[in-house]
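Visitor: Please put the model on screen. I would like to go through some of its side-chain contacts.

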Amino acid sequence: MSDVHVAVLAAGKGTRMKSARPKVLHRVGGLPMIDYVLAAASTLAPRRLVVVIGHEAAAVRQALASRPGLSFVVQEPQLGTAHALLAAESAFEGASGTLLLLSGDVPLLSPDTLRQLVDRHRSADAAATVLTTVVDQPYGYGRVVRTGRQITRIVEERDADPTEKAIREINAGIYAFALDGLFDALRSVASGNAQRERYLPDLVAIYRREGRGVETVTETNPDSVRGINSRVELADASRILRARKNAELMANGVTLEDPATAYIGASVQIGCDTIVHPGVTIAGRTVIGESCEIHSGVFIADSRIGNGVVVHDHSHIVESAIEDGAAVGPFARLRPKTELRTGARIGNFVEVKGSVVGAGSKALHLAYLGDTTVGERVNIGAGTITCNYDGERKHTTVIEDGAFIGTDSQLVAPVTIGKGAYVGTGTTVRTDVPPGALAVSAGKQRNIEDWVARKKGRR
Ligand code: UD1
Ligand code: MG
């Protein structure tokens, strides 16, 4: 949208959160709540995007450092929302047009709503346009007071009389302002209220007195303009986000056996006919293909999973890539940079890190593969351990196609097991095994006859 500028208020302490962390950095659905506000603002391609920071300013600035096109102003001390916007005056020097004012603690609002707000503001040629909504429980919000259909002022919870407290139309804390005259008007906002703060919503009454136009846009979905001021509201917002994501996934053909316990991040993609069992967390930039089955208690983050993959219960998968038809778990752990090729199988109590497991290869019980390249059709027996760390450095292991590693073996890296080679049970492999060879390291077994009886006789 042309000639739109955005300011985001994020300087407040968030007293009701009871937290050392600034409120806008508390996470909703896995991301700091202010991220959602900035993402929605960015869809309008604003000319300037200014964040007002104050309480724990350095932490907020640092958390947003990687976002391009942001500028910051500091409000110190924090004397209320009108005072906060006034602190941004210099950042809008010479700007004209519309200023969209967003609150860092209202993360669920949609870009469409913002667009409607700005459109309405412009078509009405208003000085201010307030986003409102009607809720069942207005407690805590500023109430919208109207005379006839016209908004006349906004009264905060603490300053409202019983009649005003009964009003269910609330101020969402999102506004469009004409930049023309805005900062002069802000200077006239007083602090004669219960909190001794300079309230931004007071601009409504000021503009009305001056005969300037004030409009409202009413959001029909109150959930999307929820402000977060407490931990309960934080949890509510996460729940709403999850419900939205779940609905989108199910509409696209994903089965969620129990949506109430499916924790699926906003950027996760899942293909159709994949089934997600109860109590699963899928986070970050994970992409899962079609017809997979993700069993209970599984955690997956930032991973790429192909089609027809089965992840059995309680497996933990981070930054890994799993190709079609592979199977993992139960109780398996795939750490970063694990790649499982087509049809590979990783079973219970197997840990894999920084390794490639080739097509059709399997490690099904109690093994550790670190910094290892496993070829195709390799069998890794129960209890196999790659000894990849010598106390100072990590070393790599190579297991070539068709090799067979007997149970309870240790492969001391750097080491290579050649194509089709066998490693006997209980072998400690310290040097390369040539293709087709059998490696054994245990000594010959000795049986000592009557040892038990003699031992007992000594007592
Ligand atoms: C505010 C509105 C209220 C509205 C509600 C919607 C005021 C006075 N009240 O109340 O009408 O219904 O939002 O969610 O505006 N902030 C600063 N500097 C300050 C104070 C606050 O930057 O000095 C920031 C906060 O970090 C927050 C936002 O402004 O992101 C809103 O402040 P908050 O204290 O949460 O206001 P509410 O009581 O929720
Ligand atoms: Mg708030």
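**Contacts of E169**

Visitor: Which residues does E169 touch, not counting residues up to four places away in sequence?
Guide: This is a predicted model, in which local features need pLDDT of at least 70, side-chain atom pairs count only at pLDDT 80 or more, and totals for chains, interfaces and linings use all residues. Residues are numbered from 1 along each chain as its sequence is written, and side-chain values use heavy atoms, with hydrogens and water left out. Contact means heavy atoms within 4.5 Å. With residues up to four places away in sequence not counted, E169 touches T132, T133, V134, G142, R143, V144, R146 and T218.

Visitor: Is E169 buried or exposed?
Guide: Buried means under 20% relative accessible area, exposed over 50%, and partly exposed in between (1.4 Å probe, protein chains only). The relative accessible area of E169 is 13%, so E169 is buried.

Visitor: What is the distance of the polar contact between the side chains of E169 and R146?
Guide: A polar contact is a pair of N or O atoms within 3.5 Å; within protein, one must be able to donate a hydrogen and the other to accept it, and residues adjacent in sequence count only if both atoms are side-chain atoms. The E169 side chain makes one with the side chain of T132 at 2.6 Å. For the side chains of E169 and R146, the distance is 2.7 Å.

Visitor: How far from the ring centre of Y389 does K394 lie?
Guide: A charge sits over a ring if NZ of Lys or CZ of Arg is within 6 Å of the ring centre and within 35 degrees of the ring normal. K394 lies over the face of Y389, and its distance from the ring centre is 5.3 Å.

Key
Chains lettered and ligands numbered in written order.
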